[in-house]
Amino acid sequence: MLKKIDIYIIRKFLGTFFLAIVLIIVIAVVFDVSEKLDDFINEPVTLKEIIFDYYFNFIPYFVNLFSPLFTFIAVILFTSKMAEQSEIIAILSTGTSFNRLVRPYMISAGIIALLTFTLSSYIIPPANAERLEFQDKYIKKRKSDNAAQIQMRVSKEEILYIDYYEKEKKCGYRCTLEKFNGKTLVSKLTADSLVWDTAFSWSARKYMLREFDGMYEKLTRGDRLDLTIQVEPEDFFIYKGMQEEMSNRQLRHYISRQKDRGIGNIKEFEIEYAKRFSFPFAAFILTLIGVSLSSRKVRGGMGLNMALGLLLSFSYILFYTVSSTFAVSGTLSPTLSVWLPNFVFAIIAAILYRKAVK
């Protein structure tokens with residue numbers, strides 16, 4: 001059962017959290033507008049597109065990205081104020097333990113963690129698709145219309161190689177399709193071009209098909225051969241921010257499929273998927289650090305707590321970014337890279353909490 005003091009702290013926590021979000025978002029939008037103003041003026045973009053296609057989708061992305069910082073600021077601000085006004089002392093003097101005092105903080109952190117997970121998993125991906133499409137169209141092009149040196153396993157028995165693919169013409173050049181039975185090569189198709197029709201329908205132009213049967217080989221040449229290959233042109237392209245547009249289910253399916261195909265450059269997709277489950281825990285860890293630091297009245301007042309809090313929160317974000325970079329380079333596994341900051345700062349939180357209880 002929640003008591004009045006619980007409701008009071010939860011209301012203070014969440015109120016300060018959302019107020020901090022609103023204030024910082026206003027500042028972020030102003031800076032972003034000033035940075036992209038030339039692009040908006042020079043491109044044929046309407047005010048409606050700027051507001052609804054870009055900034056309405058930019059805000060949830062920004063909120064989720066800096067939610068640990070907002071959480072920490074909120075805890076430090078209102079808890080330091082409560083400590084300065086001797087409210088914490090009054091609460092503890094009634095016989096309430098410090099562990100009991102922290103309970104409403106953890107409930108608030110749970111609400112923020114749930115909000116963060118919901119945003120990153122279900123709301124932000126489709127919003128990112130619109131935002132990044134807007135950027136691609138009016139600010140900076142990130143998608144390529146061509147792909148080179150494509151090699152992938154399109155099924156358990158088939159490996160496809162395309163030297164160069166043009167998206168606009170739906171055509172790949174200098175193509176090879178090899179079919180295996182276990183480790184034995186069964187057939188090898190080479191074609192000057194491979195044209196996509198619909199779904200998994202392709203046609204090889206000016207092809208040569210070599211079929212192997214033990215010591216015997218059958219050679220077939222022709223101008224056109226219709227094929228069914230379990231791949232579509234979109235599978236050839238990986239562009240920046242692509243993982244941010246996918247839901248959890250899409251990410252999981254994409255990672256599994258690319259691994260089956262032998263695609264190696266999927267680290268960022270694995271990091272994004274693991275991050276969506278590890279990032280919400282930052283709310284609990286930073287809340288615990290914040291309340292442990294700011295629950296005591298100190299001579300330096302709120303300013304000292306705020307400075308130390310900002311230092312720790314920025315350190316967490318920096319640590320998170322650096323560890324993800326190590327995962328991209330292959331030094332750490334994606335799962336370890338996104339959970340490592342949580343483990344380290346959880347230890348810091350436990351130490352500070354233990355001191356605060358004493």
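Begin by selecting helix α8, residues 281-294, in this predicted model. Its buried residues are A282, A283, I285, L286, T287, L288, I289, G290, V291, S292, L293 and S294. Because 12 of the 14 residues of α8 are buried, this helix is largely enclosed by the rest of the structure. From its first C-alpha to its last, α8 reaches 20 Å, close to the 20 Å expected at 1.5 Å a residue.

Keep I289 selected and move to the largest nonpolar core. This core has 60 residues, and those touching the most other members are F13, F72, M82, Y105, F134, I289 and Y316. Helix α5, residues 98-139, gives the largest share of this core, with 11 residues. A second, separate core has 21 residues, including V154, Y165, L189 and L194.

Next, select M82. Which residues does M82 touch, not counting residues up to four places away in sequence? They are Y8, I9, E87, I88, I91 and Y105.

Now display helix α1, which covers residues 4-42. With 39 residues, α1 reaches 56 Å between its first and last C-alpha atoms, close to the 57 Å expected at 1.5 Å a residue.

Continue to helix α2, residues 47-65. This helix has 19 residues and reaches 25 Å from its first C-alpha to its last, close to the 27 Å expected at 1.5 Å a residue. A kink of about 30° in α2 is centred on Y55. Y55 is also one of the buried residues of α2, which are E49, I50, Y54, Y55, N57, F58, P60, F62, V63 and N64.

The tour now turns to empty space. Rolling a probe the size of a water molecule over the atoms shows where empty space is left. The largest pocket has a volume of about 1200 Å³. It is lined by 35 residues, of which Y61, L65, Q243, E244 and K275 are the closest to its centre. The elements that give two or more residues to this lining are α2, α5, α7 (267-278) and α9 (301-329). The largest share of the lining, 8 residues, comes from α5.

Select E244, one of the residues closest to the centre of the pocket. E244 lies in the loop between β6 (216-228) and α6 (248-260). Is E244 buried or exposed? Its relative accessible area is 19%, so E244 is buried, the cut-off for buried being under 20%. Leaving aside residues up to four places away in sequence, E244 touches Y61, I124, P125, N128, R131, L132, E272 and R276.

Finish with the cavities. How many cavities of 30 Å³ or more does a search of the whole structure find? The search finds 2. The largest cavity has a volume of about 40 Å³. To display its lining, select L160, C175, T176, L177, L189, T190, A191, L194, A204, L227 and I229. Strands β3 (171-181) and β4 (184-196) each supply at least two residues of this lining, and the largest share, 4 residues, comes from β4. L189 and L194, which are among the lining residues, also belong to the second, separate core.

Note on methods. Residues numbered from 1 in each chain as written. Predicted model: local features only at pLDDT ≥ 70, side-chain atom pairs only at ≥ 80, totals over all residues. Heavy atoms only, no water. Expected span 1.5 Å × (residues − 1). Core = buried A, V, L, I, M, F, W, Y, C linked by side-chain atoms within 4.5 Å. Buried < 20%, exposed > 50% of the residue type's maximum accessible area, 1.4 Å probe, protein only. Contact = heavy atoms within 4.5 Å. 1 Å grid on protein atoms, 1.4 Å probe; cavity = no way out; pocket = protein on both sides within 12 Å on 5 of 7 lines; lining within 4 Å. Points joined across faces, edges and corners; volume = space filled by probe spheres on them. Bend = angle between axes of the 7 residues up to and from the residue.
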